[in-house]
Amino acid sequence: MDVAVAIVTDSTAYLPEELADRHGVTVVPLQISVAGEVSEEGVEITAAETARALRQWRPVTTSRPSPERFAGAYRAAAAAGATGVVSVHLSGAMSGTVEAARLAAKGAALPVRVVDSETIGMGLGYAVLTAAEAAARGAGLEDVAGAAARRARSSRSLFYVDTLEHLRRGGRIGAAATLLGSALMVKPLLSITDGRIAPLEKVRTVSRALSRMEELAVQFAGTRDVDVAVQHLAVEDRAQALAGRLRARIPALGELHVGQVGPVIGAHAGPGMLGVVVAPR
């Protein structure tokens, strides 16, 4: 059966390519600039290249897609026979991406519902997959959009960064700015709360920060059916070790995804970032 509702998202969902292809999700890339050279995330620059630039303290900035990029995606969906589009994006409090999608939606030839996920990474990714599954079952436009919004709202995103400096430089530090004064003496544990980066706890060592993040993820999952993503930048061994412990400790674990974040999150979180998304089903 052809899917009547098409799904569009942006590159900060960090969906594995095979999952995006399998579910027919269109991904519109954000842009990243390294020392003035602009590239599209996931197309022209890798996370490893971004991490290398950040370690060298080269200027790294990010920018939203243009409304025209979204308009092109919506035109393509209409040409493929879709009767509507649900466009699900990273938090509007962190990026103008969702606003660019809304601008494009106003001129689209078919109905477009734009969903601000109020999160990023696989918190967004799981919401997108939920929307795609609802669309594949034949759900209507509003039901598909609602399914995405509910999955995003029910998920929890926790993450650790080696330093707050990259968040500060990128202007994304939000309420976590309260930690800056003691940044050299603490290892910050952060969360995405109401679409913004918020301080969660201050701990003294990396091992304690990671242990605490693991505990909070296990507590949040409880005995519910959940999917979990462990995402990182340039700390694969640390991510795999954490994933192994979560696999052993979460009783009703569904999908467990381990992957590296892309250049956009990497530019703001910096090398050493490690995060966990717990998404109840």
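How many nonpolar, polar and charged residues are in the lining of the second largest pocket? That lining has 17 nonpolar, 10 polar and two charged residues. This is a predicted model: local features need pLDDT of at least 70, side-chain atom pairs count only at pLDDT 80 or more, and totals for chains, interfaces and linings use all residues. Residues are numbered from 1 along each chain as its sequence is written, and side-chain values use heavy atoms, with hydrogens and water left out.

**Second largest pocket**
- Its volume is about 360 Å³.
- A pocket here is an open set of points on a 1 Å grid where a 1.4 Å probe fits, with protein on both sides within 12 Å along at least five of seven lines; lining residues have an atom within 4 Å of a point.
- Of its 29 lining residues, Met94, Ile120, Ile192, Ile197 and Ile265 lie nearest the centre.
- Helix 10 gives the largest share of this lining, four residues. Helices are DSSP runs (H or I, at least four residues) and strands likewise (E, at least two), numbered from the N terminus.

**Largest pocket**
- The largest pocket holds about 570 Å³ of space.
- It has 26 lining residues, with Ser11, Tyr14, Leu15, Glu17 and Gly42 nearest its centre.
- By class, 13 are nonpolar, nine polar and four charged.

**Helix 2**
- Ala47, Thr50, Ala51, Ala53 and Leu54 are the buried residues of helix 2 (residues 47–55). Buried means under 20% relative accessible area (1.4 Å probe, protein chains only).
- They lie on the same side of helix 2 because they cover an arc of only 160° around the axis.
- Trp57 follows helix 2, with a positive phi near 55°.

Notes
Buried < 20%, exposed > 50% of the residue type's maximum accessible area, 1.4 Å probe, protein only. Arc of directions from axis to C-beta. Points joined across faces, edges and corners; volume = space filled by probe spheres on them. Nonpolar A, V, L, I, M, F, W, Y, C, P; charged D, E, K, R; others polar.
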